[in-house]
Amino acid sequence: MGVAGDNFGLEGWLQGLDASKLLIALLPVWILGALIGMLLPRPRWLETSTRFGAYWMSSPSGVLLRRFTLAVHGFVIAREVWRHCTIPGTFHAIAAAVWGLLQGKGFDLQMPADTPPHVNALIKDAKAASNDSTTQDVSAAAADWHITEADLHFFQHRAEEDVVIPGAGKWEHMTDLRLDSLTYTAWRRRLPDGKTEYKSTTVADDATAEEFMDFYLDDSSRHTWDTMISDYDIVENGPSNERCQVVHWLRTFPFSFISQREYVIGRRVWKQNGALYGIMKSIKHPQAPETSGIVRMDVFYSMWRSRTIPDPKDPSRPACETVLLHHEQFKIPENLSRFAVRHGMAGFVKKMAPAVKAFVTARRQRVDAFAADPEAYGVAHSATHTPRLGRTLSVISSTESEISESSSGSSEVSYPCRLSQRRPKKVKSDRPVRRVRSLVVPVLAAGAAVFVTRLNKAR
């Protein structure tokens with residue numbers, strides 16, 4: 001249980017398809033295209049009143065041209081719907097079954113597995129490495145947790161060893177950000193199934209791996225700087241020595257083409273060779289059923305390695321280098337997903353940079369920079385997080401102005417002083433429906449006006 005590939009691929013052949021939402025998304029595009037087509041003037045040489053126009057539009061070549069254009073548009077739309085709603089390899093499976101039927105062997109349809117082949121190969125290698133490992137002393141409870149050592153080896157294969165994945169593209173450089181207290185470099189590559197995987201390296205000045213790990217796992221402070229976190233709660237606590245947790249996130253994105261998404265995430269921490277490894281991935285949990293009207297993120301993983309290094313700006317103090325591997329499937333066309341990630345990345349990092357400094361300042365008032373924090377989020381398995389949160393946020397609030405002044409050019413981060421100021425959970429977003437309703441009436445009215453104008457001219 002808990003292998004890194006358990007959640008790769010869609011749960012079923014057509015899982016994630018919502019016909020009503022698909023039609024709502026395509027309706028304004030179709031209406032806008034039809035309106036533009038009506039408004040564009042037809043070239044004079046295509047007017048049916050001219051000899052050439054009458055010949056061209058009524059000749060077989062003109063009819064074939066229009067039919068060919070319609071066929072191309074239909075093929076493009078069908079391909080996007082097919083790629084979005086089916087598992088990679090479905091078309092080949094159907095073609096092979098039809099070919100077998102034509103050869104008289106019968107219709108033997110073998111649908112592809114949810115897990116892509118390259119992931120299965122990595123999981124197999126990870127299991128072998130995990131079985132051969134005798135140096136890890138893991139309790140029975142931890143070994144049976146949602147996140148296992150196979151997931152850790154999955155990250156090490158991809159991020160540290162940079163194993164070659166058959167059919168995957170090369171890493172493409174995306175961005176470099178140089179802030180006062182943080183540097184950030186990101187890459188991406190296309191996986192064999194057409195989806196995208198991201199990798200980044202972050203160096204936080206004057207911070208240790210222990211501090212950065214606590215910062216990244218602290219949901220109570222994360223929602224103060226990560227504005228996409230609309231709501232969060234703990235579903236299950238596991239062995240505290242490795243900070244095993246199952247959490248539920250509700251995220252609201254700043255893009256109109258991505259509705260609210262909910263995540264059920266299992267996470268766990270390892271310490272190996274002086275580095276800390278954090279593994280998070282989407283899982284299924286009986287205590288976290290799907291919320292009606294909100295899209296569940298079935299395919300998600302975010303894995304990182306944090307280690308303490310000398311600060312590049314001042315070797316007398318520490319810095320934290322974090323290598324992160326990230327992948328999630330939003331259940332929208334992949335080009336839109338890549339657009340959202342690329343344009344949201346800079347804002348996310350600029351908000352994170354001052355938040356790291358504020359968190360580290362508050363944490364060092366309780367424990368040493370290299371020591372484990374007994375009150376860290378995910379360590380104490382009780383409802384005692386609220387008092388600790390109040391103390392931490394009050395310290396962060398007192399240092400907010402100082403951090404904002406020292407971080408010129410960075411986005412400001414506002415920290416609430418009470419947990420009750422958390423934004424309420426939004427059950428369902430009706431922004432797309434309201435947007436379509438607001439567009440339908442004026443578009444139809446404009447179309448009717450154009451039609452009446454042309455009708456009068458024809459008379």
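Guide: Contact here means heavy atoms within 4.5 Å. This is a predicted model, where local features need pLDDT of at least 70 and side-chain atom pairs count only at pLDDT 80 or more, while totals for chains, interfaces and linings use all residues. Residues are numbered from 1 along each chain as its sequence is written, and side-chain values use heavy atoms, with hydrogens and water left out.

Visitor: OK, what does Tyr263 touch?
Guide: Leaving out residues up to four places away in sequence, Tyr263 touches Val247, His248, Trp249, Arg251, Phe253, Met297, Phe300, Glu328 and Phe330.

Visitor: And which residues touch the most other members of the largest nonpolar core?
Guide: Phe215, Trp249 and Tyr263, out of 46 residues in that core. α10 supplies the largest share, nine residues. A nonpolar core is a set of buried Ala, Val, Leu, Ile, Met, Phe, Trp, Tyr and Cys residues joined through side-chain atoms within 4.5 Å. Buried means under 20% relative accessible area, exposed over 50%, and partly exposed in between, using a 1.4 Å probe on protein chains only. There's also a second, separate core of 20 residues, including Leu152, Ala275, Ile279 and Tyr301.

Visitor: How are you numbering the helices and strands?
Guide: From the N terminus, as DSSP runs: helices are H or I with at least four residues, strands are E with at least two. The protein chain has twelve helices and ten strands.

Visitor: How many residues of α8 are buried?
Guide: Nine of its nine. Among them are Glu210, Glu211 and Asp214, along with Phe212 and Phe215.

Visitor: Switching to Ser306, where does that lie, and is it buried or exposed?
Guide: Ser306 lies in strand β9, and it counts as buried because its relative accessible area is 0%. Its side chain makes a polar contact with the side chain of Thr322 at 2.9 Å. A polar contact is a pair of N or O atoms within 3.5 Å; within protein, one must be able to donate a hydrogen and the other to accept it, and residues adjacent in sequence count only if both atoms are side-chain atoms.
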